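Reader: I am new to this. Could you take one part and walk me through it slowly?

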Amino acid sequence: MNCTGHGEALLPTAVADLVRDSLADNSRRAYASDLARFAAWGGTIPATDMVIAAYLTAHADTHAAATLARWLASLAKAHRASGHQDPTCSELVRSVLRGIRRRYGSAPDQAKPLLREDLMLALDAIGSGMKAARDRALLLIGFAGGFRRSELVALDFADIEHVRQGVVLTIRRSKTDQTANGRKIGVPYARGRHCPVASLDDWLALADITAGPVFHPVDRHGRIAPSRLSGEAVSLVVKERLAAIGIDPAHYSGHSLRAGFATSAVQAGASSWKVRQMTGHASDAMLARYVRDGELFIDNAAGATL
């Protein structure tokens with residue numbers, strides 16, 4: 001069977017539909033893209049471990065080990081979903097992937113965290129107008145809530161509850177909550193010069209938003225589109241606002257807000273479990289890289305020596 005069938009052609013339609021629904025939209029798109037790439041290379045399902053090993057080897061010097069591991073996960077799912085033995089579990093395939101990691105390295109290309117100090121500078125430089133109000137609220141809420149960009153743009157007006165301490169934002173679904181149990185995030189009033197709650201209220205009032213998506217596209221004339229802002233647009237806002245204050249935006253993205261919150265919170269002395277309560281990380285292990293980065297200069301041995 002050709003891989004373009006995604007392993008689902010052998011399944012009853014109702015079963016195939018549920019297999020697709022088991023994946024988040026972003027995961028489903030990545031899954032389809034990975035299998036289409038394998039098919040374009042000449043791969044089919046089922047495939048032998050020799051074919052999978054050759055596929056990895058052919059892309060070892062052009063793609064990161066993390067990307068190749070994701071391709072393996074997609075191929076494994078396709079085989080299992082269509083009732084075939086999973087060739088990615090073989091020692092041959094695992095050895096090839098380990099060899100690639102040893103030869104080319106395996107450090108992931110992570111977005112740089114947008115730390116509080118740089119965020120404040122970016123906010124200071126934002127002017128007035130519709131887009132400025134939108135961007136200010138987007139950056140502050142994204143940072144203060146430790147949101148994934150998909151969670152941030154998914155917010156609806158109905159998800160906002162004002163309380164005495166600030167606002168409670170309901171996340172209906174997230175990367176680690178695909179069954180939509182939901183979770184609530186408390187964003188407090190800020191003591192500093194930029195308040196996420198006040199900025200959110202200003203944007204909602206200026207844009208006259210009383211229902212539907214909280215964040216919308218805004219053109220250069222200040223016209224608001226009825227559609228929901230995309231996750232990619234969050235990255236563009238971050239890059240644009242950092243470039244405006246002279247910071248090279250190349251290694252920043254929408255994820256920089258979330259990474260910056262976690263790192264800044266650790267630097268401020270917040271415990272890992274309180275940070276996880278905000279960010280929704282499944283474990284301390286998932287949060288560990290932010291904790292390590294945030295603690296690099298806390299009780300630094302060189303600082304005590306020099």
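Reader: Let me pick the part around Glu240. Is Glu240 buried, partly exposed or exposed?

Author: Keep in mind that this is a predicted model. Glu240 has a relative accessible area of 39%. Buried means under 20% and exposed means over 50%, so Glu240 falls in between and counts as partly exposed.

Now look at its partner. Glu240 forms a salt bridge with Lys131. The closest N and O atoms of the two are 3.1 Å apart. This pair links distant parts of the chain. Lys131 sits in helix α7 (residues 130-144), Glu240 in helix α10 (residues 231-243), and 109 residues separate them. Lys131 is partly exposed too, because its relative accessibility is 22%.

A network of salt bridges links Lys131, Arg134, Asp135, Glu240 and Arg241. In general, side chains of opposite charge can pair when their charged atoms come close.

Next, compare another salt bridge. Glu151 pairs with Arg183, with the closest N and O atoms 3.3 Å apart. Again the pair links distant parts of the chain: Glu151 lies in helix α8 (residues 149-153), Arg183 in strand β3, 32 residues away. Here both Glu151 and Arg183 are buried.

Follow Arg183 into its strand. Along β3 (residues 183-188), Arg183, Ile185 and Val187 point to one face and are buried. Across from Arg183 stands Ile171. Strand β2 (residues 166-171) runs antiparallel to β3, and six bridges join the two.

Notes
Residues are numbered from 1 along each chain as its sequence is written. This is a predicted model: local features need pLDDT of at least 70, side-chain atom pairs count only at pLDDT 80 or more; totals for chains, interfaces and linings use all residues. Side-chain values use heavy atoms; hydrogens and water are left out. Buried means under 20% relative accessible area, exposed over 50%, partly exposed in between (1.4 Å probe, protein chains only). Helices (H or I, at least four residues) and strands (E, at least two) are DSSP runs, numbered from the N terminus. Two strands pair if DSSP finds at least two bridges between them. A salt bridge is a side-chain nitrogen of Lys or Arg within 4 Å of a carboxyl oxygen of Asp or Glu.
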